[in-house]
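User: I've got a structure open and want a quick tour. Can you walk me through it?

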Amino acid sequence: MHRSVRPVLLAFCGLALTACSFSVSVGNDISKADLEKNISTVLEQSNNGRRPDSVTCPGPIKAENGQTARCFLTGGGVKYGLTVTLSKVNGSNATYEVKVDDKPMQ
């Protein structure tokens, strides 16, 4: 059986990114909208301009070092899980680490 997977989606598979820093409105939380937008930007910058179709996170994340969120990206109709970790929060600057799962969700 031959399976066809879009090259754009393959670029995201197993992708681990570190030290991607963004200036965000940091109070006690980083908003869901800021988190989703920044993750999309991180993925686009590290994938030769290829942006996922969508990134969805469950809600805001506490603006504290080490906080994680489990989010999802969709590309070419296939959904992948991803984990985002705040590795450094300093004032209104947050540094994210993003790790995309190796395999799509079933």
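User: What share of the residues is buried?
Analyst: This is a predicted model. Buried residues are 38% of the 106 in the protein.

User: What fraction of the contacts is between residues 24 or more positions apart?
Analyst: 53%, counting contacts with a separation of 6 or more.

User: Tell me about α2. Where does it run, and how many residues does it have?
Analyst: Helix α2 covers residues 32-46, which is 15 residues. From first C-alpha to last it reaches 21 Å. That is close to the 21 Å expected at 1.5 Å a residue.

User: Which of its residues are buried?
Analyst: In α2 the buried ones are D34, L35, E36, N38, I39, S40, T41, V42 and L43.

User: What comes just after α2?
Analyst: N48, with a positive phi of about 50°.

User: OK, the core. Which residues touch the most other members of the largest nonpolar core?
Analyst: L35 and I39, in a core of 21 residues. The elements giving two or more residues to this core are α2, β5, β6 and β7. Strand β6 gives the most, with five residues.

User: What is L35 in contact with, leaving aside its neighbours within four places in sequence?
Analyst: I30, C57, G59, I61, A69, C71, V84 and Y96. Two of the residues on that list, C57 and C71, also form a disulfide.

User: Good, cysteines. How many disulfides does the structure hold?
Analyst: One. The sulfur atoms of C57 and C71 are 2.2 Å apart. The link is right-handed, with 110° about the S-S bond.

User: Are C57 and C71 buried or exposed?
Analyst: Both C57 and C71 are buried.

User: Switching to charges. How many salt bridges are there?
Analyst: Four. One of them joins E36 and K32, at 2.4 Å from N to O.

User: How are E36 and K32 placed in the helix?
Analyst: They are four residues apart in α2, so about one helical turn separates them. As a general point, an α-helix has 3.6 residues a turn, so residues three or four places apart point the same way.

User: Is E36 buried or exposed?
Analyst: E36 counts as buried, because its relative accessibility is 16% and the cut-off is under 20%. K32 counts as partly exposed, at 33%.

User: What does E44 pair with?
Analyst: E44 forms a salt bridge with R51, and their closest N and O atoms are 2.5 Å apart. E44 is partly exposed at 27% relative accessibility. R51 is partly exposed too, at 36%.

User: And what does K99 meet in a salt bridge?
Analyst: D102, at 3.5 Å from N to O. K99 is partly exposed, with 34% relative accessibility. D102 is exposed, at 54%.

Key:
Residues numbered from 1 in each chain as written. Predicted model: local features only at pLDDT ≥ 70, side-chain atom pairs only at ≥ 80, totals over all residues. Heavy atoms only, no water. Buried < 20%, exposed > 50% of the residue type's maximum accessible area, 1.4 Å probe, protein only. Contact = heavy atoms within 4.5 Å. Expected span 1.5 Å × (residues − 1). Disulfide = S-S within 2.5 Å. Core = buried A, V, L, I, M, F, W, Y, C linked by side-chain atoms within 4.5 Å. Salt bridge = Lys/Arg side-chain N within 4 Å of Asp/Glu carboxyl O.
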